[in-house]
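Keep the model open beside you as you read.

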Amino acid sequence: QVQLVESGGGLVQAGGSLRLSCAASGSIFSINVMAWYRQAPGKERALVATITSGGSTNYADSVKGRFTISRDNAKNTVYLQMNSLKPEDTFVYYCNAVIRTYFQSVLEVWGQGTLVTVSS
């Protein structure tokens, strides 16, 4: 059994910053790609950023230059540093990871979501 636990969401004014964290725990052998998605009510979940175990990153055009994804492999944790936040960044943010367990199964796991609200 593996799980992802997120933290760091909240209310911030436009132009401000927030840092999201997501820690994986359980019977983890290795973690391949880790990612952040975001979703508005009634809308599809959209990819924000990804990072491989080697540190290669990819970003949605809407967040390039403002958001930075990083990870600490020793802590099985991924971060999302969000700067210059805009009201249109208001979403529930979800952590995602592809995890190989000690039982050699490969699981795609989601966090519970954390709400980020940016006020104008």
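The link between C22 and C95 is left-handed, with -80° about the S-S bond. Its sulfur atoms sit 2.1 Å from each other, and a disulfide here is a pair of cysteine sulfur atoms within 2.5 Å. By that rule the count comes to one disulfide. C22 lies in strand β3 (residues 18-26) and C95 in strand β9, so the pair ties together parts that are 73 residues apart in sequence. Strands are DSSP runs of E with at least two residues, helices are runs of H or I with at least four, and both are numbered from the N terminus. Both cysteines, C22 and C95, are buried; that word stands for under 20% relative accessible area, while exposed stands for over 50% and partly exposed for what lies in between, with a 1.4 Å probe and protein chains only.

A word on the ground rules: this is a predicted model, in which local features need pLDDT of at least 70 and side-chain atom pairs count only at pLDDT 80 or more, while totals for chains, interfaces and linings use all residues. Residues are numbered from 1 along each chain as its sequence is written, and side-chain values use heavy atoms, with hydrogens and water left out.

Now for the interior. A nonpolar core is a set of buried Ala, Val, Leu, Ile, Met, Phe, Trp, Tyr and Cys residues joined through side-chain atoms within 4.5 Å. The largest one has 31 residues, and W36, L80, M82, Y93 and I99 have the most contacts inside it. At least two residues of this core come from each of β1 (2-7), β3, β4 (28-39), β5 (46-51), β7 (67-72), β8, β9 and β11 (114-119). Which strand gives the most to this core? That is β9, with five residues.

Contact means heavy atoms within 4.5 Å. Not counting residues up to four places away in sequence, Y93 touches E6, L20, W36, Y37, R38, V48, F67, L80, M82, G113, T114 and V116.

One of those partners, R38, leads us on to the charged side chains. A salt bridge is a side-chain nitrogen of Lys or Arg within 4 Å of a carboxyl oxygen of Asp or Glu, and a search of the whole structure finds three of them. R38 and D89 meet in one, at 3.1 Å from N to O. R38 lies in strand β4 and D89 in the loop between β8 and β9, so the pair ties together parts that are 51 residues apart in sequence. D89 also meets R66 in a salt bridge, at 2.7 Å from N to O. This pair links distant parts of the chain as well, with R66 in the loop between β6 (57-59) and β7, 23 residues apart from D89. Together, R38, R66 and D89 are linked in a network of salt bridges.

Leaving aside neighbours within four places in sequence, D89 is in contact with R38, R66, F67, S84, V116 and V118.

The remaining salt bridge joins K64 and D61, at 3.1 Å from N to O. Here D61 counts as exposed, at 64% relative accessibility.

S84, a contact of D89, is found in the loop between β8 and β9. Its phi is near 50°, a positive value in a residue other than glycine. Most residues other than glycine have a negative phi. S84 counts as partly exposed, at 42% relative accessibility. Q104 also has a positive phi, near 65°, and its place is in the loop between β9 and β10.

F103 is exposed, with a relative accessible area of 67%. F29, Y102 and F103 form a nonpolar patch on the surface, with about 420 Å² of accessible area together. Patches are made of residues with over 30% relative accessible area and no salt bridge, where like charges are joined within 9 Å and nonpolar side chains (Val, Leu, Ile, Met, Phe, Trp, Tyr) within 5 Å. Accessible areas come from the Shrake-Rupley method with a 1.4 Å probe, and for residues only the protein chains shown count as cover.
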